[in-house]
Amino acid sequence: MASKEEKERAAAELQAAARPLFAGIGLEEKVIESALKNLKFTQALVDVIREAGLSGGCAKPKGNLLYTTASKHPANALVHRPMLLAYVAEDKIKSMPQLDGAFEYLRKLGGEPADAASFEAAAGVGVVVSAEEIAAAVAAAIEPKRDALLEERYQFNTNVLLAPVTKALRWADGGSVREELVRQVEALLGPKTEDDLKPPEKKKKPKAEKPKPAKEEAAAKAAAAAAEEAVPDDPYAFMPRPEDNNQVHTTVNWSDGSVLRIANSPAVLAAHLAATGGKVVTRFPPEPNGYLHIGHAKAMFVDFGMARQYGGVCYLRFDDTNPEAEKQEYIDHIEEIVSWMGWSPWRVTYASQYFEQLHAYAVALIRAGKAFVCHQTKAEIEEAREKGLPSPWRERSVEENLAIFEDMRRGLYAEGEATLRMKMDYKNENPNMWDSVAYRIKYVAHPMAGDAWCIYPSYDFTHCLCDAIENITHSLCTLEFESRRASYYWLLDVLGTYKPVVWEYSRLNITNTVLSKRKLNRLVTDGHVNGWDDPRLLTLAGLRRRGVAPGSINAFCREVGITRNANVIPYHKLEHHVRAHLDATSPRTLAVLRPLKVVLTNVPEGEARTVSGATLPGRPESESYGLPFGRVVYIEASDFRLADAKDYYGLAPGKSGMLRYACPITVTGYSTGPDGAVAEVTAEADLDWDAAGRKPPKGVLNWVAQPSPGTDPERCEVRLYDVLFRSEAPDALGESWLDDLNPGSLEVLSGAMVNPHLAAAAQPFQRYQFERLGYFCVDPDSRPGALVFNRTVSLRDSFPRAK
């Protein structure tokens, strides 16, 4: 590989040679300076000028055509560029519409032989558009706009009249069309008057609507949010269509200076479209070596979501080429979680089911002289690759490689004693082209294939070939795989298979957490968390256990988008979508996390009443449920203070508060325990406040009463979660990332109380809003009489905002 100094010297020489060439074709100095900043484009334009035989210069209009050819000529048809440039040089192609027609033809043709007659028809070569035709087309464009022209006169935007003329007369000269348009407009309107020369009057803006009442505005926002959820936009619109997949996928710059441009031929693309019916075909390809996390949810949204958007199909393909790391437990989990996320695979496949076909491809690669058996150790391979040295066995004969590879398959070599490597370009600037390993020996039973194989294909060999075998139209992955494009397409090109579109997007990174499988595994195996489904983890199993709904995860992924911009998403963005979904769907109920006993002294002992709560207050679909009410109730300990304050709406000595769904109460006294803390409050209930028409106090309290006189409410365990790491970027801390664990990430409350309706109905994974407290989910650890709730998210965002 060239040194930095050599590259800089070569760039300076290219720029020096290019400047007079660019000036000679009429480019302005500003355009020249801009072009010279892009060395790749500079080289392309130099090549175009020389191929056209115009190194001595040409008129500016022709120079503009050369400039456009350098920037827009289809990369999959570069073999035909000299032909196109000959037409430009000979003035057979003289306009941008002609050039665009030529590009359109060549883009579809690719590298196949060109037909001169078809090319000339596509580019309008030899077509002459008469002045009479132009005049007729302009008149036809003016006629439907005549009234508007007469009304607005010279304030009318006449540019809108050019589009129908250009559409009718594709090859007409643009200057001639504009001249004729000006002539006919002047003939219709006459000379410009003083009024025509005045600047146009500004149109009055419509009056802004009056602010809506708070309740109406909230309802409108809720309706808009629901509409946004129901009708998502198209985040995949920029992707090429399956029928357009004959463009150059990648360019491989070889160490010897040659260039390989890889694209599907028309015949290969036609066979692919015939097999798929032209549908979008994607795949979600997890390796079954761990539990999926929220980053995989984004990948599912990209893969399954694109197929759903366009009426296509998506495979769930297990990339199971490493039998040492894969388990049936992970396979079962992945299938279950994909379904939970709302996605339905078209087919569930395994890389291992293609082992025979992949082996046949490996043999074909050897026969083509593009693979060899190597006996270097892993350390020796890495050292040679870094030094740019070939394997000592790189030039083995085809026959010898075939024989040894067969012996590898038969188990005649020990692990590490031999590998099959692809014969790529060991001096290439891209390390992924340094003769990558295609097969290695592993004497390990496979979860799916059993002990049928002792040689296993590598990811680099398997992934692209499985995409081709399954006729994937769009192979979508994260940006760390971008450098593997060259090796991906090189292998498919050498074997002559169909080539999918590969597109990379940024990984999902979220503050205050880690998402690498290695670190997640460390947290689990070292006991820092309680398993893969610990609600503090952003594994999908953990999010489900915490009470997060799959719809909110998908909405979050949609908002994050599938751009290539690498960024870190604030944790509160995820919580926003979780909260919005739960607010719309979770039934309300009453519970108390830290109970404080309140005795209502004016309620007779032994008296029991029932009041009605509402599951969705204020909504037509709400249902009522019974809440026992009697002499003893329990409120939140934080809802009572000894000293009142202006902005405090809880209870204090002599102060009133409203028991939600029941009645106002007024504090008459309190008592303390041995530690000096308030242990019990006495109060009086205003039992007939509603009938008497008295206004309730502002402060509303959640509460739970004894279900029957002398019987305490059912107690439960509540787990309150915070972020797992104190800093926003624990990954940036290197090997000391575990020191950043948040010791307050889990708080367990063992004495919380719930009302009988909730205690009787609660089932694992059901979600509720505990009014005034937050959103909670029933944990699967729950047992009859021993319920456990996980707090999913608080009612309001508590994250500090960056200033």
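Student: At what angle do helix H4 and helix H6 pack, and how far apart are their axes?

Tutor: Keep in mind that this is a predicted model. Helix H4 (residues 60-72) packs on helix H6 (residues 96-109) at an angle of about 25 degrees, and their axes are 11 Å apart. Angles under 35 degrees count as roughly parallel, so H4 is roughly parallel to H6.

Student: Which hand does the crossing of H4 and H6 have?

Tutor: The crossing is right-handed.

Student: And which residues meet there?

Tutor: From H4 you have Asn64, Leu65, Thr68, Thr69 and Lys72, and they meet Met96, Leu99, Phe103 and Arg107 in H6. Sorted by class, that contact has four nonpolar, three polar and two charged residues.

Student: OK, over to the start of the chain. How do H1 and H2 pack?

Tutor: Helix H1 (residues 4-24) and helix H2 (residues 29-36) pack at about 150 degrees, with 10 Å between their axes. Anything over 145 counts as roughly antiparallel, so that label applies to H1 and H2. Their crossing is right-handed.

Student: Which residues make the contact?

Tutor: H1 supplies Gln15, Ala18, Arg19, Phe22 and Ala23, while H2 supplies Glu29, Ile32, Glu33, Ala35 and Leu36. Those residues divide into six nonpolar, one polar and three charged.

Student: One more pair: what about H17 and H20?

Tutor: The axes of helix H17 (residues 355-367) and helix H20 (residues 459-469) cross at roughly 110 degrees and come within 11 Å. Since 65 to 115 degrees counts as roughly perpendicular, H17 and H20 are roughly perpendicular to each other. This crossing is right-handed.

Student: What does each helix bring to that contact?

Tutor: H17 brings Gln357, Leu358, Tyr361, Ala362 and Leu365, and H20 brings Phe461, Thr462, Leu465 and Ile469. The contact of H17 with H20 comes out as seven nonpolar, two polar and no charged residues.

Student: New topic: H16. Why should it span 18 Å?

Tutor: Helix H16 has 13 residues (328-340), and at 1.5 Å a residue they should span 18 Å. In the model the end C-alpha atoms of H16 are 18 Å apart, which agrees.

Student: Which residues of H16 are buried?

Tutor: Tyr330, Ile331, His333, Ile334, Ile337, Val338 and Trp340.

Student: What do the buried residues of H16 pack against?

Tutor: Several elements. On the strand side they pack against S3 (281-284), S4 (313-318) and S5 (347-350). The helices are H15 (294-309), H23 (540-546) and H24 (550-560).

Student: What follows H16?

Tutor: Gly342 follows H16, and its phi is positive, near 95 degrees.

Student: Which non-glycine residues have positive phi, for instance?

Tutor: Asp91 is one, with phi near 60 degrees, and Asn512 is another, at about 60 degrees. Asp91 sits in the loop between helix H5 (81-89) and H6. Asn512 is in the loop between strand S12 (509-510) and helix H22 (517-525).

Student: Is Asn512 buried or exposed? And what about Asp91?

Tutor: Asn512 is buried, with a relative accessible area of 7%. Asp91 is partly exposed, at 43%.

Student: Last one: what does Gly626 contact?

Tutor: Gly626 lies in strand S18 (residues 624-630). Leaving out neighbours within four places in sequence, Gly626 is in contact with Thr610, Val611 and His757. The C-alpha atoms of Gly626 and Gly613 are separated by 6.2 Å, though these residues are 13 apart along the chain. Gly626 is partly exposed, with a relative accessible area of 37%.

Definitions and conventions. Residues numbered from 1 in each chain as written. Predicted model: local features only at pLDDT ≥ 70, side-chain atom pairs only at ≥ 80, totals over all residues. Heavy atoms only, no water. Helix = DSSP H or I, 4+ residues; strand = E, 2+ residues; numbered from the N terminus. Expected span 1.5 Å × (residues − 1). Buried < 20%, exposed > 50% of the residue type's maximum accessible area, 1.4 Å probe, protein only. Contact = heavy atoms within 4.5 Å. Axes fitted to C-alpha atoms, helices over the stretch in contact; angles between N-to-C directions. Left-handed = near helix turned anticlockwise from the far one by under 90°. Nonpolar A, V, L, I, M, F, W, Y, C, P; charged D, E, K, R; others polar.
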